[in-house]
There are 6 protein chains.
Amino acid sequence: MINITHKSTTLRKAIAQAVVCVSKPETIQAVKDRTVPKGDVLEMAKTAGLFAAKRTADMIPDCHPLPIEFTSVSYEIGEMEIQVLVEVHTVYKTGVEVEAMHAASVVALTMYDMLKPIDKGISIQHIKLMEKRGGKSDQKADFS
Amino acid sequence: MINITHKSTTLRKAIAQAVVCVSKPETIQAVKDRTVPKGDVLEMAKTAGLFAAKRTADMIPDCHPLPIEFTSVSYEIGEMEIQVLVEVHTVYKTGVEVEAMHAASVVALTMYDMLKPIDKGISIQHIKLMEKRGGKSDQKADFS
Amino acid sequence: MINITHKSTTLRKAIAQAVVCVSKPETIQAVKDRTVPKGDVLEMAKTAGLFAAKRTADMIPDCHPLPIEFTSVSYEIGEMEIQVLVEVHTVYKTGVEVEAMHAASVVALTMYDMLKPIDKGISIQHIKLMEKRGGKSDQKADFS
Amino acid sequence: MINITHKSTTLRKAIAQAVVCVSKPETIQAVKDRTVPKGDVLEMAKTAGLFAAKRTADMIPDCHPLPIEFTSVSYEIGEMEIQVLVEVHTVYKTGVEVEAMHAASVVALTMYDMLKPIDKGISIQHIKLMEKRGGKSDQKADFS
Amino acid sequence: MINITHKSTTLRKAIAQAVVCVSKPETIQAVKDRTVPKGDVLEMAKTAGLFAAKRTADMIPDCHPLPIEFTSVSYEIGEMEIQVLVEVHTVYKTGVEVEAMHAASVVALTMYDMLKPIDKGISIQHIKLMEKRGGKSDQKADFS
Amino acid sequence: MINITHKSTTLRKAIAQAVVCVSKPETIQAVKDRTVPKGDVLEMAKTAGLFAAKRTADMIPDCHPLPIEFTSVSYEIGEMEIQVLVEVHTVYKTGVEVEAMHAASVVALTMYDMLKPIDKGISIQHIKLMEKRGGKSDQKADFS
């Protein structure tokens with residue numbers, strides 16, 4: 001685990017995405033209509049994502065435990081895919097990009113788990129960092 | 001959460017994959033040579049995956065807690081990507097495909113976390129079920 | 001911890017309740033209209049309850065870890081209170097009444113946490129077992 | 001999850017209660033005499049409460065992980081009820097009232113679990129915030 | 001993780017020990033008299049041990065999650081040491097020796113943590129399996 | 001739990017050890033040669049130790065949750081024993097000696113678990129604090 005005792009505390013932000021790709025438009029429609037038998041997919045997955053952001057250091061060996069001070073989960077719903085976006089903020093010595101990516105992956109996995117009874121062809125794609133801000137290597141534009 | 005009290009206990013298996021895509025061949029070489037500054041990527045990620053398979057029900061709301069009776073993590077190392085394969089077995093009333101997918105995603109996220117100091121362009125792709133066996137809807141060939 | 005190695009495995013069910021008492025009707029209205037600033041209270045609290053049922057043995061010292069095979073969370077919404085009902089099933093050697101009570105309390109606490117910015121006078125009342133079935137001491141009528 | 005990155009760090013305190021109501025005085029006597037078959041109820045429940053205070057963010061979706069810097073559990077034992085009082089302190093950007101309420105509920109649930117073999121009529125009542133201090137909305141008198 | 005899907009379910013028991021060695025007899029006396037400032041050492045450590053037995057698979061990578069069906073914690077108090085004994089039972093496909101050793105180590109660490117303000121010279125010794133029964137390689141005599 | 005709200009935040013370090021004693025030199029050789037059937041013992045145990053340092057407050061009742069800002073795990077391999085050394089740093093109000101001891105014990109238990117198929121005579125010895133720095137009671141020399 002990298003030594004961060006000497007680093008300075010600053011506001012740090014990250015946005016990560018995951019994309020849930022379905023095999024038929026009816027799956028997306030059922031999500032929108034809240035008619036998926038297992039329940040309200042977008043709400044349940046969002047809640048799972050909030051927990052996942054907070055528990056990243058429990059799952060990834062080298063991640064430092066850190067004060068998650070903001071998490072949001074949002075969705076862009078397309079015809080055959082749902083883009084999950086997770087934004088995490090902290091005021092601490094290290095960034096929250098892995099926290100945002102971990103939360104995005106758990107949101108997507110929760111959607112997969114809730115949708116697999118109605119669609120056997122789902123996969124999760126493009127888990128990646130979209131933007132980060134606040135450390136020495138800012139990427140992309142300001143997303144405040 | 002689906003009611004499984006009436007279901008029969010059988011041997012169930014699942015294999016899931018995640019693919020870690022890097023932005024330059026030197027990253028793959030460092031993994032192979034065990035010269036990544038944060039440590040032995042393949043070994044550390046494998047251990048994280050073993051824990052993740054067991055803790056799936058802690059992260060995914062509708063997943064039943066179940067007796068994970070076998071987990072293996074293996075890798076196919078290409079020129080610009082590492083394919084993670086996780087196989088999980090149980091003898092229980094419901095399958096382990098989400099467990100395998102969750103473990104594969106945590107293995108990939110651990111690799112991302114360990115490699116990001118040396119490669120800023122990594123993404124995780126193609127988290128999906130490869131094979132399952134033992135419930136009413138077997139997919140693909142026997143993988144025993 | 002009580003020794004249950006010799007007990008027989010049977011279907012066991014429990015229903016527990018918790019009651020969230022608010023201080024003004026507007027609070028209930030906001031829950032129904034899904035206009036609470038922190039989000040969809042009923043959905044988020046339900047998800048928290050699913051996790052809590054599964055993690056009871058992590059929080060209560062003498063509870064045995066057991067296979068939660070069904071959990072449901074439902075609500076009865078009154079003018080000044082919301083009754084939370086959690087039903088849990090297992091096929092195992094010991095009952096799930098503490099699991100149902102623990103989940104009901106976490107559902108209620110999640111509602112408290114989400115509602116406190118709009119209502120400072122909330123309390124949680126009447127956490128108790130409503131019905132249980134399947135061990136040597138059935139209580140109340142069949143609730144199947 | 002509410003964004004607290006901009007809030008100022010101050011000493012914050014909360015006291016919450018839960019009340020365990022029994023159905024016969026012999027139950028209270030057994031607790032006092034430390035003759036409950038499952039063990040020393042007050043000590044075991046106190047320990048469960050210390051853990052619960054620390055793990056609130058694991059159970060309640062919108063709770064921020066925060067540095068619990070003091071927790072105490074105390075009891076007021078009446079003829080037919082035991083009042084549980086939990087006090088939590090932090091020096092952080094948000095209060096600890098849900099932490100105190102969560103810990104109080106887990107203390108009460110542990111007592112329920114240990115007492116149910118000798119008393120089938122126990123309920124948990126009046127989980128509520130008694131006092132808080134240190135944020136913008138102090139309630140009640142100083143309890144230092 | 002070893003594949004246990006094909007193994008037969010039998011009653012399995014294990015007893016493990018850990019020894020807490022203090023640097024002066026006054027430390028032992030304070031434990032016996034329940035005058036340690038941090039609280040009742042034997043009771044609090046016992047409760048921590050109950051949780052630890054149940055959470056072994058969360059801490060040790062290759063341990064299978066399994067149904068802990070009995071755990072007891074007992075003490076032999078000497079002049080300069082306290083022997084911790086933890087007994088764990090399951091009816092499952094693999095043994096519980098690591099569960100017993102893990103619980104014994106957490107009991108001992110809890111005692112260390114509570115005693116360090118009054119004794120700076122404590123160490124933990126002799127964490128080992130004392131007896132096991134029920135798999136193919138019984139060790140020592142029956143301890144039922 | 002001791003009240004630390006008033007304490008000052010400083011850099012604090014601790015080193016703890018645990019010693020894994022085997023019953024034959026072949027066991028040590030298999031660890032060195034990475035031929036233990038269960039996998040790479042030193043790497044897997046190290047990863048388990050990183051998680052354990054971070055989760056100490058989940059296992060030990062009175063330990064405060066704190067920002068682990070550095071953890072390292074190293075080994076001294078002798079003829080019949082392996083000495084595990086864990087170093088932990090934080091910048092906080094209380095020390096990390098129990099965190100270091102807890103991590104050392106989990107590293108040793110993981111080694112025990114992986115080695116027991118090839119050596120039935122393993123014990124864990126001498127879990128103790130080697131050095132600490134940064135609070136009011138420094139012990140031993142500077143280990144920076």
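How many residues does the contact take from chain B and from chain A? Select both sides: 34 residues come from chain B and 34 residues from chain A, with contact meaning heavy atoms within 4.5 Å.

This is a predicted model, where local features need pLDDT of at least 70, side-chain atom pairs count only at pLDDT 80 or more, and totals for chains, interfaces and linings use all residues. Residues are numbered from 1 along each chain as its sequence is written, chains are lettered from A and ligands numbered from 1 in the order written, and side-chain values use heavy atoms, leaving out hydrogens and water.

Show the surface next. About 3000 Å² is buried between chain B and chain A, 65% of it from carbon and sulfur atoms (accessible area, 1.4 Å probe, that two parts lose on being put together, summed over both).

Turn to the charges. Four salt bridges link chain B and chain A (a side-chain nitrogen of Lys or Arg within 4 Å of a carboxyl oxygen of Asp or Glu). Select Asp58(B) and Arg55(A): their side chains form a salt bridge at 3.6 Å, N to O.

Finish with the strands (DSSP E runs of at least two residues, numbered from the N terminus). Select β4 (residues 123-133) of chain A and β4(B). The two pair in the antiparallel sense over two bridges; pairing requires at least two DSSP bridges between strands. Zoom in on Ile127(A): its bridge partner in β4(B) is Ile124(B).

Technical notes:
Helix = DSSP H or I, 4+ residues; strand = E, 2+ residues; numbered from the N terminus.
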